[in-house]
Amino acid sequence: MSDVNKVILVGRLGNDPELKKTEQGTAVVHFQMATSQGHGERRETQWHHVTVFGPQAERCAQYLEKGRLCCVEGRVAYRKREQGESTRYYTNIIASSVAFLSHRRGAGQSAAA
């Protein structure tokens, strides 16, 4: 069997997407996404850093906003950055597809729609 690195998350954006361009002109969007499980005092929220590239990134920047529900499918990527004598490790989700699951607030809908 071949190795598999696949993630599917359904949750809400914790911030508005940040659109940037690479030196080659490729669109890149970064945002944080929260997923929760459990109820009441046992409710636990996990935060995920998501990166989207290309035309999908441009659509995310245009249509997604803080609080909007979406489904992200992609892969997990790890990186490390050395700063002086300390090393920091980061986990990121590289999205291959993003589905918008709720309406934009500007379209007359609430974020929970």
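Residues are numbered from 1 along each chain as its sequence is written, and side-chain values use heavy atoms, with hydrogens and water left out. Because the model is predicted, local features need pLDDT of at least 70 and side-chain atom pairs count only at pLDDT 80 or more, while totals for chains, interfaces and linings use all residues.

**Confidence**
- The protein averages a pLDDT of 90, where pLDDT is the predictor's confidence in each residue, from 0 to 100.
- A score of at least 70 is reached by 91% of the residues.
- Among the elements, β1 has the highest mean pLDDT (97) and strand β5 (residues 69-83) the lowest (94). Elements are DSSP runs numbered from the N terminus: helices (H or I) have at least four residues, strands (E) at least two.
- Over residues 108-113 the pLDDT is below 50. This stretch still has twelve contacts beyond near neighbours in sequence; contact means heavy atoms within 4.5 Å.
- Where pLDDT is low, the predicted coordinates should not be read in detail.

**Helix α1**
- Gly-54, Gln-56, Ala-57 and Cys-60 of α1 are buried. Buried means under 20% relative accessible area, exposed over 50%, and partly exposed in between, with a 1.4 Å probe and protein chains only.
- These buried residues fall within an arc of 120° seen down the helix axis, so they line one face of α1. The arc is that of the directions from the helix axis to the C-beta atoms.
- They pack against β2, β3 (27-37), β4 (44-53) and β6.

**Rings**
- The model has one aromatic pair. Rings of Phe, Tyr and Trp (its six-membered ring) pair if their centres lie within 6.5 Å; planes under 30 degrees apart count as stacked, over 60 as edge-to-face and the rest as tilted.
- Tyr-63 and Phe-100 form a tilted pair, because their planes meet at 45°, with ring centres 6.1 Å apart.
- Tyr-63 lies in helix α1 (residues 54-63) and Phe-100 in strand β6 (residues 86-100), so the pair ties together parts 37 residues apart in sequence.
- Tyr-63 is partly exposed at 33%, and Phe-100 is partly exposed at 29%.
- Arg-79 lies over the face of Tyr-90, 4.8 Å from the ring centre. A charge sits over a ring if NZ of Lys or CZ of Arg is within 6 Å of the ring centre and within 35 degrees of the ring normal.

**Gly-14**
- Gly-14 lies in the loop between β1 (7-13) and β2 (18-21).
- Its relative accessibility is 24%, so Gly-14 counts as partly exposed.
- Leaving aside residues up to four places away in sequence, Gly-14 touches Gln-32, Met-33, Trp-47 and Lys-66.
- The C-alpha atoms of Gly-14 and Ala-34 are separated by 6.4 Å, though these residues are 20 apart along the chain.
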